[in-house]
Each structure stands twice: as structure tokens, then as C-alpha cells.
Amino acid sequence: MQLSRDELKRAYQRMFTIRAFEERVEKEFAAGNIPGFAHVYLGQEASGVGICHDLTDEDLIGSTHRGHGHCIAKGCDVKGMMLEIMGKAGGLCGGKGGSMHIADLSKGMLGANAIVGGAPPIAVGAALTQKYKKTGRVSVAFSGDGASNQGTVFEAMNMAVVLKVPAIFAFENNGYGEHTAASYSVGGGSIADRARSFGMPAEVVDGVDFFAVHDAMGRALEHCRAGNGPYALEIRCYRFLGHFVGDPQAYRTADELKEARANDPLPLFRKKVTEAKLLEAAELDAIEKAILAEVEDAAQTAIAAPPPDLKSLEKDVYARY
Amino acid sequence: MAKKSYRTAINDALRSEMRRNPDIIILGEDVAGGQGATGDVGVVGSVFGVLGGLYKEFGPTRVIDTPISESAIVGAAAGAALTGLRPVAEIMFVDFVGVCFDQIYNQAAKFRYMFGGKAKTPMIIRATIGAGFRAGAQHSQSMHPLFTMVPGLKVVMPSNAYDAKGLMIEALRGDDPVIYLEAKTLYDTEVEVPDEAYRIPFGEARVAREGKDITLVAFGPMVPRALAVAEAVGKDGISAEVIDPRTTSPLDEDTILESVEKTGRLVLVDESPPRCSLASDVAAIVADKGFKSLKAPIKSVTCPHTPVPFAPVLEDEYMPNPRRIEAAVRAVMKFD
Ligand SMILES: Cc1ncc(C[n+]2csc(CCOP(=O)(O)OP(=O)(O)O)c2C)c(N)n1
Ligand SMILES: [Mg+2]
């Protein structure tokens, strides 16, 4: 599908925001400004952005522990995200969620999820709402290759087919679940085949190429919006870093890591749009510059921000003892 | 005697028992690590490093990396246990037990009784517990009350490296399903641990500190906190006894009741939301069986009735912290 110049700019803007945000997260984590764990989305930018590009705020996504990229792709505010990830007042969840539970319902982002396989059943429910209320909207369940082995994911796929709901299963196959390769853990080898066996169409997509992801998502959206039930995409991508920031990765060779980095969705996008004379390098550079400033501001603001008020500890519960 | 960490003590126990008994196997996610990858296999040894080196010694037939499939992991452990193996299954964070609870409480826990005493289910589920790691609502719970209320499960909460080893060996030599809850904040804590194997029987509490004015009963990672408060109030002349039940099922009621008979006062420290907690459970037992010993109302220091918050300031306040424990001790001491 041909995208307008503005749309191309928006796509690059989101992909680069993820890149800059996650590199900053890596840095702030090392500096001790981010508590807990941080699973970054570096290398997978084209996947999240390609999937979410044509979604509105009323379309829904269920995310994973590696959710920052999905948030940004869905339009969440980076300052609110940075505040949340640092556990500060004013964060998207008031500092109560953190990286692994970040959510913004106003953007149709139903939450990162620290339970592997937690989101797909929820996404099926969100799709059921759309069908019931005839909104014409869809719901996307992001899962990894590792999550594709979870029973909840099988159940969600089958039920989506049985109930014929507009759910899109976006399996981001980055080759690893934690420290174990997908080639070991995914029996039969193909996640797309699994989805097909439940009775939905499925495609294997090059997740390094924004345009490939976006095109495939276009077909998924058409299928779902026409009332044909769920659709699945197995998006092949690379995890640039370890499972979490700080993972020593002795289980991956230096050559493999180099190969992963060579499959970088950002330069590929730049190359494609500049060679086709759709956008100019200077325009892309200007986008990058503006985003770096925005991320800088988000990080500085979050570092300086106060922690949540202690009174919020027992807020948002319906019973106290 | 050498000092060893809680992590090493558990590793020691598993290693020596695996050498002794070829039926013991380990299964879980990244218990070896690196399977199918381009680099080295076995370099992870479980995400907190508890199983370091075991893959190297025992290989892939005994240290089995699984897909991310908790129901199948725990169910397979139950099935293997029922048919002659001694599996040690890992649920990386106890929070994930929601994914596989049926295999625990409807399956493994019930075989022995439901099959008329004809079945043995010698399996262990290791899981990490506790807040304080900044890991948020779905990676910071303890859930021990949930297991403790299930007939057929034994529930172990070691609070130090010495107990961790002896309790693990006891679990590996028993014939029933054991939930072995490892406190993630204790992994690096060290005490003296013998090299040789030893067993600590289940249902035998440890008097971690003797005292005569007040009894503190604390569970798992709350034991060191209770001990620290006992030391602190000791400076003001309050002599606090600290009891570590070590297993919540079976529970050593006698040691607790004897202590309360001596002190007449009881504070419970339990990292759990307050309702249906071990704190409320033990309070009920003492109110029932030790009523006459009590000189003051029993007080509990627990978490609030909320999920675990992420922000460090909130999480620190969420956990039973020294300030709240000490306040409870002083309040009970003041009562006349
Ligand atoms: C139910 C459950 N089991 C295990 C984990 C621990 N864990 C967190 S992420 C992860 C790997 C997930 O792999 P994948 O689905 O491929 O996603 P990726 O990390 O590659 O994005 C594991 C095992 C968890 N969070 N939840
Ligand atoms: Mg993966």
C-alpha cells in the first residue's frame, strides 16, 4: 500500500522514537535510574510500528513484558512512559505499574504484561467487545516466540476462531525466549502453522522491513474488519540486546550478535524511502534531531520528578483491612 | 565451617542429592539456558543462578530446559513423580503459578489421598517469592498462604542458607509434593553451612532468637527483618523471641504455643496481604489453643490489601518494614 509523505514521516518518527527511547532506557538503567528489570525493544521497531500504523486510538493492543515499543507505536506519551518506568509521580500508571505493566487505555494500549501468554486471552475479549458493539475496531495480541508455547495462547487462538472475533495475533519471533532459542522451544518450528491449524489465515513476515509488516497488517485488518474472524502474523525479527538490559548473553556468539545488528530496520527504512525519492535524508535527520530532544527532555524530567505520594499506596482498592 | 550463600546452599543440596539418586531430574525454563542457541549451553542455570553448573555435571537428560509452558512443566513433573522419577520443577517467579495451579492443587496434591494411599508423588516445585526487587505487581508476590491451605502439599519457606540446604534435602528424600519457596532477596545472604548432607525435618520450627517478653513469628524473608527489630528493641530492654516456622505446612504449632506461654505476647510478621494470611492463620491458632497465655491482643504486620506497587517508595512501604514491625512490638508491649 502506498503511504503519503506524512505517513512515512510518522512511521519513521515512531520507529526512531522507539530506538532513541530504548537506548536511553539502557543508559538510565545502567545509571541506576530505572528500578527492576528493563526488556527493551531494540531491533524490533519495524514490527510494532508496522502493526500499529493504521490503528486508531479505539483499536486495541495487548502487549508483553517487552512493551515500550508497542506503547510508542500506539502513540503513548514518552514523558509519561519515562516517568512510569522510573517509578515516578505523573507516570502513565502513577508509578504503580512500571516497565512490565505500563498501560494507557486512552490510547487503546491495554497494558504490557509480565505474564508470558497473559495478553492473548485478554485481547480476544477486547475483540469480542468490538464484535458485540459493532465498532469495526480490532484487537491485536502481541506475543513472542516463547509465548507461542503457552497454553493460554493456544486457547485464545482457538476461541478467537470459534467466536470469529476481530483479533490479530502478532507473534514477534525474535529467535529467543529469554536465553533459549526458538529453534529449540517451538516444536514443529512454525508459529504461523500453529495459527493456521486453529483455522485462521497466517503469514510469515519479514519484521526488519517496515513495509512488509505494514502490508501484511493491511491484509489482516481487511480480513478482520470484514468480519472474517482472526488473523495471525509471525513476524521474524532480531533482538539486538539480551533478554533484559544487562544480560551477559554467553549463549549467543559474537558473530550472531553482529548479524542481528546488521538487520537493522531503521537504516533499511531510510534506504528505501530515500532511494524511492519519497523522503529526503535531511527530512529524516530533522525527525531524528527533534526526537532526541524529546527523549532527552523526557529523561531529564523523569529523573528530576518526585516519587509517588505514599498516600497512593492504598488508592484504587475497594476494601481496606 | 565455611559460609555459604542461600543460593549456593540450595545448589549444594540439589547437586549432592542428584549424585546420590539418579531419579532426580530438574525441569523448567532456562534451568540450563542456551538450548538451540549459537553460544554455550548451560550458562544460565536458572535466572537467579541457583542451578549453576548442574547442567554441566548432569547433562540435558537430567537438567531439562522446557518451553514456556508452566502447566505442562508442573503437570509433567506430577506425572513423572507418579511413575517413578523425582522431578524438581521450577516456576521462575511464584506469580506464574496462576498459569498452572490446576496441576498443583487438583492433580499433584491429591494423588496420594484420592488414590487411596496407593500413589506417591515425590516432586518439588521451586519458586521465587517476595517483593523488594522492584519487579512490580506480577513478579513480586509470595502466595504461600495459597499453597498452605491445600491439603496434600508441603510448604517450605527457608529464611537462611543453613535451613535452605537441610530443607531441600528433606524435600528430595520425601514422597510428597513440596512447594519450596525461595526468597529472592535472600539469595546473597550467607551463614555457615556444612559441606555434608543433613536433613531438617518439616514441621519443626527454629527458635531464631530467645527472649522472654514477646514472641515474634515471621515467615521466610521476614525472619531477618524480625530479628533486626528484636535486636533494636532489645536496647530498650524488651526481650523478644523470634520463631521461624520454616515450613508453613506442616506447621509446628507446639513451638509457637510454648513460646507464647512464656512471653504472653505475640506479633506476626508475614509478607502477604492481611486476609487469609499466615499471620491471620497463626493468630487464630494461638487465640484458640493459647488463649490463656495471652496478656495482650495479637498484632500482625502484613502488606496492605493491594497488589505490589512498582515505585520503590511505595514498595518499601508495602512490605512489612522495620518501622511497622517495631511499632507493632511496642504497641503490644504497652498493652496492660
Ligand atoms: C508465565 C510466565 N512464565 C515465564 C516468565 C518469565 N519470562 C519473561 S519473558 C520470557 C521470555 C519470553 O519470550 P518471548 O515470548 O519470545 O518474548 P521476548 O522476550 O523474546 O520478547 C520469560 C520466560 C513470565 N514472565 N511469565
Ligand atoms: Mg522471543
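Colleague: Helices are DSSP runs of H or I with at least four residues and strands are runs of E with at least two, both numbered from the N terminus. With that in mind, where is the place of B:Ala296?

Modeller: This is a predicted model, and in it B:Ala296 is found in the loop of chain B that runs between helix 10 (278–289) and strand 14 (299–301).

Colleague: Is B:Ala296 buried or exposed?

Modeller: B:Ala296 has a relative accessible area of 7%, and the cut-off for buried is under 20%, so B:Ala296 counts as buried.

Colleague: And which residues does B:Ala296 touch?

Modeller: Leaving out residues up to four places away in sequence, B:Ala296 touches B:Gly264, B:Arg265, B:Val332 and B:Phe335. With B:Phe335 there is also a C-alpha to C-alpha value, 5.8 Å in space, although B:Ala296 and B:Phe335 are 39 residues apart in sequence.

Colleague: Let's switch to the ligand. How many residues surround ligand 1, and which are the closest?

Modeller: Ligand 1 is surrounded by 22 residues, and the closest are A:His65, A:Arg66, A:Ala114, A:Gly146 and B:Glu70. Because the surrounding residues come from chains A and B, the site is shared between chains.

Colleague: Which atom of ligand 1 does a polar side-chain atom of B:Glu70 lie 2.5 Å from?

Modeller: That B:Glu70 side-chain atom lies 2.5 Å from a nitrogen atom of ligand 1. On the chain A side, a polar side-chain atom of A:His65 is 2.7 Å from an oxygen atom of ligand 1, while A:Tyr176 uses a backbone N or O atom, which lies 2.8 Å from an oxygen atom of ligand 1.

Colleague: How much of ligand 1 does the protein bury?

Modeller: Ligand 1 exposes 580 Å² when taken alone, and 97% of that is buried by the protein.

Colleague: A:His65 came up there. What about A:Asn113, which residues is that one in contact with?

Modeller: Setting aside neighbours within four places in sequence, A:Asn113 is in contact with A:Ser63, A:Thr64, A:His65, A:Met100, A:Gly118, A:Ala119, A:Ile122 and, from the other chain letter, B:Gln138. A:Asn113 belongs to the loop between helix 4 (78–85) and helix 5 (119–133) of chain A, and its relative accessible area of 10% makes it buried.

Colleague: New topic, the nonpolar core. Which residues touch the most other members of the largest one?

Modeller: The largest nonpolar core has 85 residues, and those that touch the most other members are B:Ile10, B:Ile104, B:Phe147, B:Tyr180 and B:Leu181. Helix 7 (residues 161–173) of chain B gives the largest share of this core, seven residues. Since domain 1 (3–192) and domain 2 (206–333) of chain B both contribute residues, the core lies between them.

Colleague: What does B:Ile10 touch?

Modeller: Without residues up to four places away in sequence, B:Ile10 touches B:Val50, B:Arg126, B:Ala164, B:Met168, B:Tyr180, B:Glu182 and B:Tyr187. In soluble globular proteins, nonpolar side chains tend to be buried together.

Colleague: How many Å separate the centres of domain 1 and domain 2 of chain B?

Modeller: Taken over C-alpha atoms, the two centres are separated by 27 Å, and the contact takes 28 residues from domain 1 of chain B and 25 residues from domain 2 of chain B.

Colleague: And B:Arg246, what does its side chain reach?

Modeller: The side chain of B:Arg246 reaches the backbone oxygen of B:Glu204 at 3.0 Å. B:Arg246 sits in the loop between strand 11 (240–244) and strand 12 (247–249) of chain B, and with 11% relative accessibility this arginine counts as buried. Beyond residues up to four places away in sequence, the residues that B:Arg246 touches include B:Val155, B:Pro158, B:Asp163, B:Ile200 and B:Arg206.

Colleague: What is phi of B:Arg134 near?

Modeller: Phi of B:Arg134 is near 60°, which is positive in a residue other than glycine, and B:Arg134 lies in the loop between strand 5 (124–129) and helix 6 (144–148) of chain B. B:Met143, placed in the loop between strand 5 and helix 6 of chain B, has a positive phi of about 65° and is not a glycine either. With a relative accessible area of 24%, B:Met143 is partly exposed.

Key: Residues are numbered from 1 along each chain as its sequence is written. Chains are lettered from A and ligands numbered from 1 in the order in which they are written. This is a predicted model: local features need pLDDT of at least 70, side-chain atom pairs count only at pLDDT 80 or more; totals for chains, interfaces and linings use all residues. Side-chain values use heavy atoms; hydrogens and water are left out. A nonpolar core is a set of buried Ala, Val, Leu, Ile, Met, Phe, Trp, Tyr and Cys residues joined through side-chain atoms within 4.5 Å. Buried means under 20% relative accessible area, exposed over 50%, partly exposed in between (1.4 Å probe, protein chains only). Domain bounds come from an automatic or database domain assignment. Contact means heavy atoms within 4.5 Å. A residue is near a molecule or strand if one of its heavy atoms lies within 4 Å of it. A polar contact is a pair of N or O atoms within 3.5 Å; within protein, one must be able to donate a hydrogen and the other to accept it, and residues adjacent in sequence count only if both atoms are side-chain atoms. Accessible areas come from the Shrake-Rupley method with a 1.4 Å probe; for residues, only the protein chains shown count as cover.
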